[in-house]
Amino acid sequence: MKILVPVKRVIDYNVKPRVKMDGTGVDLANVKMSMNPFDEIAIEEAIRLKEKGVATEIVAVSIGEQKAQETLRTALAMGADRAILIVSETEVEPLGVAKLLAKIVEEEAPGLVILGKQAIDDDSNQTGQMLAALTGRPQGTFASKVEVEGDTVKVTREVDGGLETVSLKTPAIVTTDLRLNEPRYASLPNIMKAKSKPLAQKTPADYGVDVSPRLKTLKVAEPPKRSAGIKVADVDELVAKLKALGVAA
Amino acid sequence: MKTLVWVEHEGGAVKDATLSAVTAAAKLGEVHLLVAGQGIGGIADAAAKIAGVGKVHVADGAAYANALPENVAPLIVELMGHHDAFVAPATANGKNIAPRVAALLDVMQISEILSVESEDTFTRPTYAGNAIATVQSSDAKKVITVRGTAFEKAAREGGSGSVEAISGGGDAGLSSFVGAEISKSERPELTSAKVIVSGGRALLNSENFHSIIEPLADKLGAGVGASRAAVDAGYVPNDYQVGQTGKIVAPEVYIAVGISGAIQHLAGMKDSKTIIAINKDEEAPIFQVADYGLVGDLFKIVPELTSKL
C-alpha cells in the first residue's frame, strides 16, 4: 500500500519561543526551524512499514512557505520516496490543511495516512481527526503501536488511563504519539540522494480549496509570569512550608 | 446560545473534566449534555443533577460503548442541528472526537481554551504554553475543547435537567474496539489531584521511583506524575506523564523531584498554585518557576522529608 505522511515545519522544539512586543504573534525571524517532532515519528513509522514489506511507496507532503521544502528534503533523506509541497505564504489552519490533504488522498489513494498527533507550534491536535472526517475514514489517534493485518490496521492508543486498542478498516488515518518509535537520523549519503528525489510544487488553488482562516488572532501575549521563589536551606524548612500550605499535618 | 457538552465518564461516574467543561459552556448560554455509552442510565441521572444543566441527551447502545469517534461524531453532528456550540473537555476522548465533529460541520475547532472572552472570542495556549493567543471565531457554530484546569468545576448537585433518549445512526462499521489496558492506581487521579509528586530521570530506575516518590506521595495523599524522561526510561507507564504531550495539571502543590524543567514539562504544570523543586543542579530551569526550591541529593532529601511528615 501507499502511505501518505504530512509533515510541518515548526520552530525547533528546543527553542524558547518569544512573543513579539506588539502582541501580533511569536517572533520566528532568525529562529531555528525543524520538522515537527511528531511528524518525524510518522515518517519513521511509514519507513518501518516499508521495510516490513507492508508499504510500497511513501509520499511526504507539506503545506506552507517555500522553506518547507527543507522539511520535505529531510523526510526524503529519512526514506520517503517523493514529496509534494503546497505553497502558501500565509498560515493555513488545520481545517484548511485537512481539506487540502483530503484532495491529495483522493488523488493518491493511500492505504494509510500517518500524521503527528499535534504540531508543537499551534498545539491544535486536530488535523488528523479532521482529515478522517472529510474522507469518511476511521481514525487511530495518539498511536503507540500500529500493526497492519490484511485490510485492517490495529492501533494501540495512548489514552488518559493507559492504553486502548482499536481495529480500523483500511484505508485509515493514524496520528502518532511520542512512544510509537525512535526516529532515525538521515545519513549524509541519504541527504545527498534526497536532493534528486521528486518534489512537486502546488498551490491551494490547484486543488480548488479555500484556505482562508476561520479564526482571527486578536492578540498573542506572554503567559503570566510566576514570581520568583526562594530556596530553602534544608528539609526542616521545607516541612514547615508544606505545613504552612496545609498539605502536611 | 445553546451549547452541547460531551459528558466524559468512566467506571459509571461523570469525570471531573466534564464539570469544568460545563462551567465553560455556561458562559456561552444554555447548557445541554450528551451522555453516550452502553448501560448508562445511572450516568445520565447523575449528569442531570449537575448544577445549571438543561436537557440531557442520552444515546445508549453498543455502538457508543467505547466512544469510537466514527460512531459518536455523526450523533453529535445530528444534535448540532439545534445547538450553537459543541464543547468537550480536552481529554483523550474529547480531543479524539471534537475535531471530527468540527470538520463534519465545516468549522475550525478552538482547542483547549483557557477562558471565554465573549460568545466568539477565547484564549488558548500555543507553543507549549509559552504564548497565549486570543482568537475570534467567524464560524456560525463553535466547536471547542476546554482545558479542565482553567475552569472551576460545576457542582455535581443542584441541577434538575430533563433526560431524553436519542438513537443516532449506530455503528458506522469503520472501526471496532479491541481492548484496553488501564493502569490500576489507588492514588488520586492526576488531573484532579490537589497535590502531585512527580519524578524525573534522576530517579535512575523504576525501583527508586517506587521506593522514593511513592511513599512521599502516600504521606501527602498525592497523585504521582513523571517527566517524559522517566516514562521513556520505563520507570513508570506513560499515563503518568505531565507535560505538553502528556497531562496538563494545576494542583495546589506540585513537587518536582529530579526534574530539570524542560519547556515541554513546564507546559504541563506551570499553572500549579505552588511549585516545589528538589534538584541537585542549582542551575536547573525548574528553579526559575519553583516557589520553594531545595538544592541537594534527592536520595537523601526525599526519604528524610517523608519521614519528617
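Is Glu44(A) buried or exposed? I started my notebook with that one, and Glu44(A) turned out to be buried, because its relative accessibility is 2%.

**Entry 1: what I am looking at**

I am reading a predicted model, so I keep that in mind throughout. The predictor gives the complex an ipTM of 0.96 and a pTM of 0.94. I looked up chain B as well: its pLDDT averages 95, and 100% of the residues score at least 70.

**Entry 2: the partner of Glu44(A)**

I followed the side chain of Glu44(A) and found that it meets Arg184(A) in a salt bridge, 2.9 Å from N to O. This pair links distant parts of the chain, 140 residues apart: Glu44(A) sits in helix α1 (residues 37-51) of chain A, and Arg184(A) in the loop between β10 and α5 (188-194) of chain A. Arg184(A) counts as partly exposed, because its relative accessible area is 28%.

I looked up the total next, and the structure holds 31 salt bridges over all chains. I picked some of them in chain A to visit.

My next stop was Glu65(A) and Arg9(A), whose side chains meet in a salt bridge at 3.1 Å, N to O. Here too the pair links distant parts of the chain, with Glu65(A) in the loop between β4 (57-64) and α2 of chain A, Arg9(A) in strand β2 of chain A, and 56 residues separating them.

Then I turned to Asp177(A) and Lys117(A), which form a salt bridge of 3.4 Å, N to O. I noted that these two are 60 residues apart and link distant parts of the chain: Asp177(A) is in the loop between β10 and α5 of chain A, and Lys117(A) is in the loop between β6 (112-116) and α4 (127-135) of chain A. Asp177(A) is buried, with a relative accessible area of 2%, and Lys117(A) is buried too, with 8%.

I also found a network of salt bridges, which links Lys2(A), Glu57(A), Arg82(A) and Glu108(A).

**Entry 3: charges and rings**

What else does Lys117(A) do, and over the face of which residue does Lys117(A) lie? I found it over the face of Phe142(A), at 5.8 Å from the ring centre. I noted a case that involves both chains: Lys231(A) lies over the face of Phe287(B), at 4.7 Å from the ring centre. I looked for aromatic pairs as well, and the count over all chains came to 0.

**Entry 4: backbone angles**

A reminder to myself before this entry: most residues other than glycine have a negative phi, and most peptide bonds are trans.

Where does Asn30(A) lie? I found it in the loop between β2 (9-11) and β3 (33-35) of chain A. Asn30(A) has a positive phi, near 60°, and is not a glycine. Asn30(A) counts as exposed, because its relative accessibility is 86%.

In chain B I came to Glu112(B), a residue other than glycine whose phi is positive, near 50°. Glu112(B) belongs to strand β7 (residues 109-113) of chain B. With 11% relative accessibility, Glu112(B) counts as buried.

I then looked at a peptide bond, the one from Thr170(A) to Pro171(A), and it is cis, with omega near 0°. Pro171(A) is in the loop between β9 (162-169) and β10 (172-176) of chain A.

**Entry 5: helix α2 of chain A**

Which residues of helix α2 (residues 68-78) of chain A are buried? My list reads Ala68(A), Thr71(A), Leu72(A), Ala75(A), Leu76(A), Ala77(A) and Met78(A). After α2(A) comes Gly79(A), with a positive phi near 150°.

**Entry 6: Ala17(B)**

Ala17(B) is partly exposed, because its relative accessible area is 21% and the buried class ends under 20%. Leaving aside neighbours within four places in sequence, I found Ala17(B) in contact with Pro89(B) and Thr91(B). I also looked up Leu266(B): Ala17(B) and Leu266(B) are 249 residues apart in sequence and 21 Å apart in space, C-alpha to C-alpha.

Notes. Residues are numbered from 1 along each chain as its sequence is written. Chains are lettered from A and ligands numbered from 1 in the order in which they are written. This is a predicted model: local features need pLDDT of at least 70, side-chain atom pairs count only at pLDDT 80 or more; totals for chains, interfaces and linings use all residues. Side-chain values use heavy atoms; hydrogens and water are left out. Buried means under 20% relative accessible area, exposed over 50%, partly exposed in between (1.4 Å probe, protein chains only). Helices (H or I, at least four residues) and strands (E, at least two) are DSSP runs, numbered from the N terminus. Contact means heavy atoms within 4.5 Å. pLDDT is the predictor's confidence in each residue, from 0 to 100. A salt bridge is a side-chain nitrogen of Lys or Arg within 4 Å of a carboxyl oxygen of Asp or Glu. Rings of Phe, Tyr and Trp (its six-membered ring) pair if their centres lie within 6.5 Å; planes under 30 degrees apart count as stacked, over 60 as edge-to-face and the rest as tilted. A charge sits over a ring if NZ of Lys or CZ of Arg is within 6 Å of the ring centre and within 35 degrees of the ring normal.
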